[in-house]
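Biologist: Could you walk me through the salt bridges in this one? I have the sequence and the model open.

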Amino acid sequence: MDAAAGSALRWLCAGVTALLGVSVLRTAQGSRLGRAKALLWSLLAAWLCAGALAAGGVLVAVCLWCSVRPGDADLLPVGDRAVLITGSDTGIGHALAKYLDSLGFVVFAGVLNKDGPGAEELRRSCSQRLSVLQLDITSTTQVKEAYLAVSEKVQNAGLWGVVNNAGILGFPADGELLPMSTYRHCMEVNFFGAVEVSKTFLPLLRKSQGRLVNMSSMAGIEGTAEQWDEQEKELMENLPADTRRAYGDEYLLGLRSYLLHLPSHCAPDLSPVLGSVLHALLARRPQGLYTPGKGAYIPLCIFCCFPLWFYDFFISKMLSAGSVPRELRTSGDEGKNL
């Protein structure tokens, strides 16, 4: 094969790769994670196939343009659409209830305590369109009562959206240290509660052909200092003596300091989250996955595109508590002496 034919073949490979990359990026343009993954694979394919700097440069420019192109901005009108939000006492759910109310939605704000400060703040600051509902999503009775209350108000119009926002973080500790009650409570709230709310309200969503939005966060609802004290006490009281010796009191007491520093890892500006939920509710072509917040998609992209050991290393450096269990320190010292 002469030089001209080889050059033509490289350009052909580059062109096919560019078309493939653009096609993948266009189908994934609503998700920054999808765009990032497609960008990485397209650049790799271009590097392997093109063998030409110019072709690679064109591909990079096209892929970057597609990756930063905004998603669908064509939103449906708010009108009299009604939305149920769980976990509206504090945090994201509380801010979302206020935000959607300010836009004109009929908001049903489910709260864990209808007489608590969060519920009172919603009643005081929001319009008459907003209704506060007593809704512990782990209680089948309260979920059914909330369904009846919403059904009576929306009637044949149905419910446009359900936002499963309620969730708990729990006490962050090694899996071996956590009592089984922590696992069960986490599943009851974060999984089974969301499933029951979804199943219960689906008939109202079908009437309006509306949206179901599931929220997930690494630290969106942290809990209170009193809850941390209770969980820490339960952890320490149920810890076997040999496990406590293996980890050491210094390490165990250091877990609480991680909680104290957790807010420093969280952005105080919730507007990216609120905007993503609004897009999920009103966009004519909503995304399948949203990663709001500056750089929030990076850990997911690393998990999907890189070896697991690299992801573990990245997360350990990003969220390191700054200490290791006593047993690991001892093992390390013995290894150095060998």
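**Salt bridges in the model**

Modeller: Glu-121 and Arg-124 are three residues apart in helix H5, so about one helical turn separates them; helices here are DSSP runs of H or I with at least four residues, strands are runs of E with at least two, and both are numbered from the N terminus. This is a predicted model, in which local features need pLDDT of at least 70 and side-chain atom pairs count only at pLDDT 80 or more, while totals for chains, interfaces and linings use all residues. Residues are numbered from 1 along each chain as its sequence is written, and side-chain values use heavy atoms, with hydrogens and water left out.

Biologist: How far apart are the closest N and O atoms of Glu-121 and Arg-124?

Modeller: They are 2.8 Å apart, and the pair forms a salt bridge, meaning a side-chain nitrogen of Lys or Arg within 4 Å of a carboxyl oxygen of Asp or Glu. Salt bridges that share partners join Lys-98, Glu-121 and Arg-124 into one network.

Biologist: Is Arg-124 buried or exposed?

Modeller: Arg-124 is exposed, at 62% relative accessibility, where buried is under 20% relative accessible area, exposed is over 50% and partly exposed lies in between, with a 1.4 Å probe and protein chains only. Glu-121 is partly exposed at 22%.

Biologist: Changing topic, which residue does Arg-284 pair with?

Modeller: Arg-284 forms a salt bridge with Asp-74, with the closest N and O atoms 2.8 Å apart. Arg-284 lies in the loop between helices H11 (271–282) and H12 (297–305), and Asp-74 in the loop between helix H3 (53–68) and strand S1 (82–85), so the pair ties together parts 210 residues apart in sequence.
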